[in-house]
Amino acid sequence: MENNPHIPLIKLENITKTYFLDGDISVPVLKGITMTIEQGEYVALMGASGSGKSTLMNILGCLDRPTSGDYFLDGEELGRASGDKRAMIRNRKIGFVFQNFNLLPRTSALDNVIMPLAYTAGELTNAQCRARGLEALKEVGILERAGHHPGQLSGGQQQRVAIARALINRPPVIFADEPTGNLDSKNSVEVMEMFSKLNAAGITVILVTHSDEIAAHAKRVICMNDGEIVPGLFSRH
Amino acid sequence: MKLTATLRISFVSLSRNPTRTLLTTLGIVIGIGAVITMMEIGNGSKTSLRSTIEKMGANSVMVMPGAMRMPGSPRKEMGSAVTLTPADADAIRQECPSVGKCSPVVRGSGTQIVFGNATWLPAAMYGVSPDYLDIRNWQLAEGRCFTDNEVDTNARVCVIGSTIVKELFNGMSPVGSELRIGDVAFEVVGVLKSKGANMIGMDEDDVIMAPWSTLQMRVTGLKMGSATNTTSTVSNYPGDRFVVSGVALYPEQDISVTRDKLFYSRFSQLNQIVFEAVSTDKVEDALKEVSDVLRRRHRIYAGKEDDFHIRNSADFMNMLNSTSTLMTNLLLGVALISLIVGGVGIMNIMLVSVTERTREIGLRMAVGARSKDILLQFLIESTVLCLAGGILGILLGHGASLLIKNIAKWPVESSPGAVIAAVAVSAGVGILFGFYPAWKASKLDPIEALRYE
């Protein structure tokens with residue numbers, strides 16, 4: 001592996017994260033994570049509450065910085081990159097899907113979907129933005145709901161709008177934090193099918209969950225316990 | 001991030017809460033409105049003050065005799081010396097090209113006037129020439145003014161102000177009636193148009209005017225630059241040059257003879273000479289010419305003090321102007337304080353808005369907004385808020401001043417400078433007071449913000 005010139009999509013080297021409470025009480029949350037995720041993988045990050053999976057997810061998503069260690073995305077070290085650089089990476093290379101959807105209220109589905117484009121450096125005209133938004137909505141199958149506000153959409157539809165928003169800049173990787181946590185079983189199945197479809201199209205999907213049922217959709221499961229990856233648990237497939 | 005997109009986001013988020021947006025801008029609206037109203041009223045009063053003074057005669061200049069000085073006695077008040085003569089007035093009229101009209105003035109106050117069984121002591125009694133009315137911009141309501149010929153012949157005619165018409169004639173037309181000034185009968189030939197109170201509150205209509213020659217000859221009596229003046233100073237006047245000071249030249253005349261005799265009046269004393277420059281920009285030239293003529297006629301050597309004083313109404317105008325400017329600035333200060341209060345209101349609401357939209361800020365950061373994008377968004381939002389308030393305030397202030405103009409009849413004049421300043425100030429207030437909330441928003445931690453409930 002060491003001599004392989006191939007660059008993995010995600011490479012973590014001895015990532016630690018320690019929170020400091022009241023100045024001197026240190027709480028280690030991640031205790032040296034080293035792992036690699038290749039382009040096109042479908043990974044479920046599992047673990048009990050407090051195992052550090054959300055913290056790891058935030059570091060992977062460039063929302064948080066590791067206390068030490070290196071994080072390479074597409075071969076670029078990002079753990080110590082500038083805030084603006086990390087914002088650009090979040091905009092271009094990463095899509096987020098949240099448990100509570102996080103859609104802007106009283107804003108149409110289309111406007112929600114094209115919202116990230118406002119922060120994209122490339123100059124797109126308004127019409128181009130809307131065309132891309134409609135395309136993304138079509139991809140998740142709710143094109144006819146483009147003009148509806150989140151309040152007028154079901155939970156499953158809202159989550160699909162959120163997925164369309166994550167897809168708008170065609171990122172290589174999508175992070176989903178408990179994407180089905182607020183959905184009923186029927187909608188859950190639909191959303192999970194959506195992720196499978198995206199993965200089949202070549203997008204890396206990394207989801208955080210504590211449900212075995214959901215994790216079963218993934219091709220590889222990474223289990224976390226007390227800030228470390230539990231060794232020996234790999235893909236069921 | 002594109003500016004148009006940011007602007008659109010600001011408008012959308014402001015229009016989500018129209019009532020709150022309106023109430024938030026109220027402080028700015030009132031502040032800017034007050035500034036605009038103050039400026040318009042201030043401008044209006046300045047203009048009306050100028051026109052009042054112009055009505056009084058902006059180009060008019062008064063020449064008064066200087067103080068009398070005698071060795072060994074205190075200097076007396078201005079006008080006490082006998083230095084201005086009708087001949088001086090003639091000389092000014094003839095020799096100064098920048099002087100338009102010119103009139104001698106003799107004051108005759110303290111003499112009562114009688115009509116029928118009514119008496120009245122007018123506030124002002126002027127002996128003048130017909131030019132005086134033009135210099136003071138005074139029109140006649142009725143009848144005519146006396147003529148130059150009547151001045152030359154010491155005719156007993158007068159024009160009176162509306163207060164006297166009311167007091168003595170009970171509102172009847174006085175033209176053609178005969179009234180007495182002291183014990184001399186005068187025919188009323190005209191009535192002056194009412195001017196109302198002047199700027200220091202004196203009734204300008206309580207006035208009677210007669211030819212200066214008549215008033216001096218027949219009513220007030222002469223004060224000559226004269227032989228009987230026991231002064232050791234050498235007289236400046238040609239007629240006195242062969243008179244030995246302190247010695248009566250002629251035997252003393254009986255009082256009845258004195259009254260009947262019409263003196264040659266060229267060397268008699270005037271209280272004032274009033275003249276008018278041909279135009280406003282010629283006032284300075286006129287002052288110089290008049291001063292030169294009087295110094296030459298009075299034989300004052302270079303470097304010696306004038307024996308007359310020239311008073312220009314421009315000085316008075318400047319004084320009043322500075323007073324009204326002071327008042328305007330004071331009120332403007334109060335209005336600016338209300339702007340600051342309005343700005344604090346904006347800051348307060350922007351802070352609330354940042355807290356309310358913590359999740360939105362977190363989301364925007366998660367999808368790629370940089371700190372400065374968030375800062376700019378909130379800064380633009382508060383600026384848009386303040387600018388909208390400013391524009392509303394300009395409309396409101398202008399409306400208020402129009403209302404004041406129509407209801408209270410105050411003079412009001414719109415001021416484009418104030419409008420530009422108001423727009424700039426409201427944008428400035430938006431940036432100044434919006435900065436702290438915007439900065440706070442841009443410093444949020446996206447993870448915390450996304451988790452915020």
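## Helix α1 of chain B

Buried in α1(B) are Ile9(B), Ser10(B), Ser13(B) and Leu14(B). Viewed down the helix axis, these buried residues fall within an arc of 125°, so they line one face of α1(B); the arc is taken over directions from the axis to the C-beta atoms.

The helix covers residues 3–15, and its 13 residues reach 18 Å from first to last C-alpha, close to the 18 Å expected (1.5 Å times one less than the number of residues). Helices (H or I, at least four residues) and strands (E, at least two) are DSSP runs numbered from the N terminus.

## Basis of the model

The model is predicted: local features need pLDDT of at least 70 and side-chain atom pairs pLDDT 80 or more, while totals for chains, interfaces and linings use all residues. Residues are numbered from 1 along each chain as its sequence is written, and chains are lettered from A and ligands numbered from 1 in the order written.

## Contact between the chains

Chain B and chain A each put 17 residues into the contact (C-beta atoms, placed from the backbone, within 7 Å). On the chain B side, α11 (358–366), α12 (371–407) and α14 (446–451) each supply at least two residues, and α11(B) gives the most, with four.

## Positive phi

Asp74(A), not a glycine, has a positive phi of about 55°. Asp74(A) lies in the loop between β4 (68–73) and β5 (76–77) of chain A and is partly exposed, with 15 other C-beta atoms within 10 Å.

Methods
Buried ≥ 20, exposed ≤ 12 C-beta atoms within 10 Å, placed from the backbone. Contact = placed C-beta atoms within 7 Å.
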